[in-house]
Amino acid sequence: MTDLAWIDAALTSARPQAVAALLRYFRDLDTAEEAYQEACLRALKTWPEKGPPRDAASWLIMVGRNAALDDVRKRSRNTALPEDELVDNEEIEVDLADRLDNANYRDDVLRLLFVCVHPELPATQQIALALRIVSGLTVKEIARAFLVSEAAMEQRITRAKARIAAADVPFATPGAVERSERLGAVAAMIYLLFTEGYSASGGEAHIRQPLCDEAIRLARLLLRLFPSEPEIMGLTALCLLQHARTPARLDAKGEIVLLEEQDRGKWDRDMIAEGLALLDKSIRHRQPGPYQVQAALAAVHAQAATPAETDWSAIDGLYATLENLQPSPVVTLNRAVAVSKIKGAAAALAMIEPLAKPLAGYFHFHGLRGGLLLQLGQAEEARRAFDRAIGLAHTPAEAAHIRQHLDRLQKDSAA
Amino acid sequence: MLYAILCYHDEGLVESWTKEEDAAVLAKRHVAVNKLRDQGKLGPVVRLMPTTAATSIRNGKEQLVLDGPFAETKEQLLGLYIVDCESLDEVLEAARIMGQGESGTFEIRPLKLMWPDSRPEDRRKSAQS
């Protein structure tokens, strides 16, 4: 690896902790970011020659803090200070060993993430802000991932920051309840970031998939800070188990391949193994939550060598748990798929009839209903359901899947 | 004599490497590792999963199961067992019994096997003593 690549990785890795500590110190996001930028510039100057410091984050915090303080002094005196005093790595590390308060570090990083999930900000702005502030992606990179112009993204991020600046950032050490609320909000943002990347298809996929990697990196960061939180284990496992399918999820044209049609040999076994290990850890806590259950669902699929070997009764049980934890018509609809495999189409159809109203505009509802009716030999009703579905399809792959059924119906009725 | 080469590094940093950078580091090492393999001197090679996947048992009067890796610095890494179990519970059960009446800590880390033992049979036997 070149010096530059090495330093770049070190800066990326140290960024959340460094910016978070500088935010606590200056209580202003812009000042904290500028201080961090300045520290990075100095790192690029001194690290190639002296070698990287053992604790990069501490080095950046101390150098950034001093640089920002110098800047304040310079402005107040309006006189120039001697240019760029040499920074000595070792001196700073010795200095820091005493001063850095590790107990604060955890809440610092959580605060930095929490600042981004301000409830007044729309979800996409929360994600964009986290990518800018916590992950340190450039505005250009974020704009690309969100498929908007750089100018538009710049404006969005500036507005989001202004909104945060106007709000009160909580600097007091949070209590247990507050901490757990913050953790929940931050976890939701990380999962949203993941799904932004994961839902991409077509020509956008290779541009947006790095969002998944970044979400996993943030989830692991959060888990290192809160190692005993089963839902954070579940979140990390869920992202890993889903992302493991990425190599098999898109066809040559970039369209989404449905789960049962994916080449399971292409699934990333290392990610699956890590996801399963984390899920196993979380289950020991006996505190089920939506992320753990969803991870467990993904795990059932990951462990089936072929679609036919899927343990549908496990899936049925897990969706029943999820219905209790987080009731929603979509969860019931998904459960009905498992029920159709275990108890047959009629039972599943009875289960989804009450969902007709809440899911009237939902592609998958009409698609599943059509499939069940077809199995029961009600061709005309099935055709009508498929027609509804095709009108609601979001992607060519969804539409193509339904068209296959319609074509078959056509052929059968002609025969 | 059997030796272990234990790899320590900043985990956050390694996770910030791109796949290509990670692969480049391993490829660089493989020059030396391949030589050992060709000489029949390479045992199993494993990569530990991230510390976030770790669980620890602190031995003592009462055994305590903790999420996360072993974090004390006053104790040293003195040995390791590689076991093939169905679940974390199964490993914990075995480790609990192993550690009864001891002090110290066991850290349980899921592994990714990078290479199986590639030593020839006779070498494996003679190295066991």
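Modeller: The crossing of helix 14 of chain A and helix 15 of chain A is left-handed. Keep in mind that this is a predicted model.

Colleague: Which residues in helix 14 of chain A meet helix 15 of chain A?

Modeller: R269(A), I272(A), L276(A), L279(A), S282(A) and I283(A) do. Their partners in helix 15 of chain A are Q292(A), A295(A), A296(A), A299(A), A302(A) and Q303(A). Contact here means heavy atoms within 4.5 Å. Eight of the residues in this contact are nonpolar, three are polar and one is charged.

Colleague: How many residues does each chain give to the contact between chain B and chain A?

Modeller: Chain B gives 27 and chain A gives 23. About 2,100 Å² is buried between the two chains, with carbon and sulfur atoms giving 58%. On the chain B side, E15(B), T52(B) and D67(B) lose the most area to chain A. Together they make up 31% of what that side buries.

Colleague: What confidence does the predictor give chain B and the complex?

Modeller: Chain B averages a pLDDT of 89, and 98% of its residues score at least 70. For the complex, the ipTM is 0.87 and the pTM is 0.88.

Methods:
Residues are numbered from 1 along each chain as its sequence is written. Chains are lettered from A and ligands numbered from 1 in the order in which they are written. This is a predicted model: local features need pLDDT of at least 70, side-chain atom pairs count only at pLDDT 80 or more; totals for chains, interfaces and linings use all residues. Side-chain values use heavy atoms; hydrogens and water are left out. pLDDT is the predictor's confidence in each residue, from 0 to 100. A crossing is left-handed if the near helix is turned anticlockwise from the far one by less than a right angle, and right-handed if clockwise. Helices (H or I, at least four residues) and strands (E, at least two) are DSSP runs, numbered from the N terminus. Ala, Val, Leu, Ile, Met, Phe, Trp, Tyr, Cys and Pro count as nonpolar, Asp, Glu, Lys and Arg as charged, and the others, Gly among them, as polar. Buried area is the accessible area (1.4 Å probe) that two parts lose on being put together, summed over both.
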